[in-house]
Amino acid sequence: MSSEAIAFALNSPGHLLFPSTRTLAASFDKVGGRVETFPNGHLVFYRPDGRRFLETDPVGHPLHECEWESTRVGTIFLKRARVRLDWDHWVGIKPDGLVNETRLNLTSKPTWQRITPDDLRAMAAGALRVPIEEVRWFYRDEDLAIDARGMATIRQRKDALYILDSGGFETMRFMACMGAMHWDQIDFLPVVELFKSLLPGTGSAVFELIRGLYDDQNQRHVAPKALRYRGIPTYPSEAAFRLFSGFFTPQPLDGEDPLTAFMNPSKSHLVVWLPAQYPPVRYFDENQGLCLTVKNGMAQKAMLAEDQAGLPYIRSIGRRVLPLDRSLRVEGSLLILKDRETELTLPLNPDLPVRTSPPDECPSSPVDWRTVFVQGIPRISPAEAFEAVPLFPEDDMEIGELAAQCFVADYLDDLGEQDREIGRLRSEAERVAIVNGDAVISTCILFDRPRDYIVNVRYFAYAQRQAQQLWTQCAEVQRWDWLQRIRMVAVDTCEESPANRGPYDLIYQWLPYESFDSSATMRTIITRLSQMLRRGGSAFVVGPVQLGELLTQERARFLVHWGQSVASLPTVLMHKTILPKARVKPGLTLFYIGRL
């Protein structure tokens, strides 16, 4: 165990930010602190009571920090934690950081005086169609209260995840939430809600902490505790299964393939997970801005903090398609990062426990994801690239323009499957334009057959993330010709671009929020829309409610089929079950119109 690494871990600025952990580090030896070196070389620092407060790589670069607090009755709980992402940003975890209250009047029931907390759980289980054991898991007796007047108060507690802009909780932005974990005794696996808002690498960094605490708590057990996925409602997904599988190993369920069972919402909570023998471990090289993830001695993933694409490099072995054409390999003490034809060679610490990689097996794809940008991608800062995710406030602050686009795009996607007319016009469209919908481009593009798409872009970091998603979807179906017919053009040059010339059969048009107070600007947008949309074509237009009056005045050019408040969309109402105070811009309206 290196004393230099210990000193570097405990004393370097920014490594410890919580007051209690800094105090502990200042008198670490005197108060009975303990540090343990694990087989992978990582260091874990423990409080005198045996609870970890810091984990670092072998050099002392921090991976996560935990702050524990004692209650008046002598119990100890996790007050907050922060985890380091591969690209050197920090995410905060606040246990019970999000508490939603629901009040029910029970007096309409003749025997309401005899209703117990378990009766309330049974009602919730019936409404949510989940076993009562799942409800009991998340709703403790203290979360369920019935007063003398027959009013029931139900509290739903969730752990909140925050973006820590300065590394600490002084400046934080809400990002997502998950079922309230029992951090002092890890006993289930959670799935994150609002997962599309997660910064890259958040899931693996959080599970690195979960696995670390789980190992601490199971050190003295003869057999490790079996875990199951729990959530209300359940959100099983292949992404969650892959994340779980990195740190825990799923067991077959009555001979059924674990993934098949997990993807069935009625069975996902029955799959048993045991600790994986070789979970992934991370090593930081701050001089090169590099984070390398290694599993059982093989390099799995590399991330550069200054990467303008905001993407990792992935091990190619065993893959049919290499994600975004980025691969890595190790040759002796060298790490070679490859992005299509471009290679970057970085020296590795000779003490790093990583073996030489087998030869590449996966060729590059026929089409680079960057080719969708007609004029090329303008310079995007690494921070912009990594943070191009929709964020939703946890309180009643108005949801931003980019995040609000998700509600409309998801609604139209669902409507296309449920409404025959909408489904037909989306399917039959040959030429489609997407204007100012940078956060939802991939949702507006159908993958049933090739067609021409032109995308007018304002926020290039978001458009870049969407281009990467489109490449991934084309890779799944092996239809690279579809990607070649998608073109992205800057809004300020779109009128001059040959790729942007209409007419279009279908247009998705979001009006910028700054245009809402200007009738002249909105009339200009309407005129431009009439020039782009062919006669008989259709458009979905999102703008202020008064836009309906302007469209109605254009009877010679447009027919307004319907308008619907965005606040009333099912996707918004579903979002409010997670964040009840959520609020979109007043008057924001979705219009379905036709060109005459």
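A crossing of two helices is left-handed if the near helix is turned anticlockwise from the far one by less than a right angle, and right-handed if clockwise. The structure is a predicted model, in which local features need pLDDT of at least 70 and side-chain atom pairs count only at pLDDT 80 or more, while totals for chains, interfaces and linings use all residues. Residues are numbered from 1 along each chain as its sequence is written, and side-chain values use heavy atoms, with hydrogens and water left out.

Helices (H or I, at least four residues) and strands (E, at least two) are DSSP runs, numbered from the N terminus. Helix 5 (residues 202-217) and helix 6 (residues 238-247) have axes that come within 10 Å and cross at roughly 40°; axes are lines fitted to C-alpha atoms, for helices over the stretch in contact, and angles run from 0 to 180 degrees between N-to-C directions. Helix 5 is therefore oblique to helix 6, given that angles under 35 degrees count as roughly parallel, over 145 as roughly antiparallel, 65 to 115 as roughly perpendicular and the rest as oblique. The crossing of helix 5 and helix 6 is right-handed. Gly203, Ser204, Phe207, Glu208 and Arg211 of helix 5 and Leu243, Phe244 and Phe247 of helix 6 make the contact, defined by heavy atoms within 4.5 Å. Four of the residues in this contact are nonpolar, two polar and two charged; Ala, Val, Leu, Ile, Met, Phe, Trp, Tyr, Cys and Pro count as nonpolar, Asp, Glu, Lys and Arg as charged, and the others, Gly among them, as polar.

Two strands pair if DSSP finds at least two bridges between them. Strand 2 (residues 43-46) pairs with strand 1 (residues 34-37) in the antiparallel sense over four bridges, and four bridges also join strand 2 to strand 3 (residues 52-56), again antiparallel. Phenylalanine 45 in strand 2 stands opposite valine 35 and also opposite leucine 54 in strand 3. Each hairpin has five residues between its strands: glycine 41 takes a positive phi near 95° in that of strands 1 and 2, and glycine 50 one of about 90° in that of strands 2 and 3. Both faces of strand 2 are covered, with Leu43 and Phe45 on one side and Val44 and Tyr46 on the other all buried (under 20% relative accessible area; exposed is over 50%, partly exposed in between; 1.4 Å probe, protein chains only).

An open sheet of seven strands has the order 13-14-15-16-17-18-19 and mixed pairing. Its edge strands are strand 13 (281-285) and strand 19 (342-347), each pairing on one side only. Strand 17 (residues 326-331) and strand 18 (residues 334-339) are antiparallel over six bridges, and leucine 334 in strand 18 is the bridge partner of glutamate 331. Leucine 324, in the loop between strand 16 (313-315) and strand 17, has a positive phi of about 55° although it is not a glycine. Arginine 340, in the loop between strand 18 and strand 19, has a positive phi near 55°. Leucine 324 counts as buried at 9% relative accessibility, and arginine 340 is buried at 11%.

Strand 20 (residues 431-435) and strand 23 (residues 504-510) run parallel, joined by four bridges, with isoleucine 434 opposite tyrosine 508 in strand 23.
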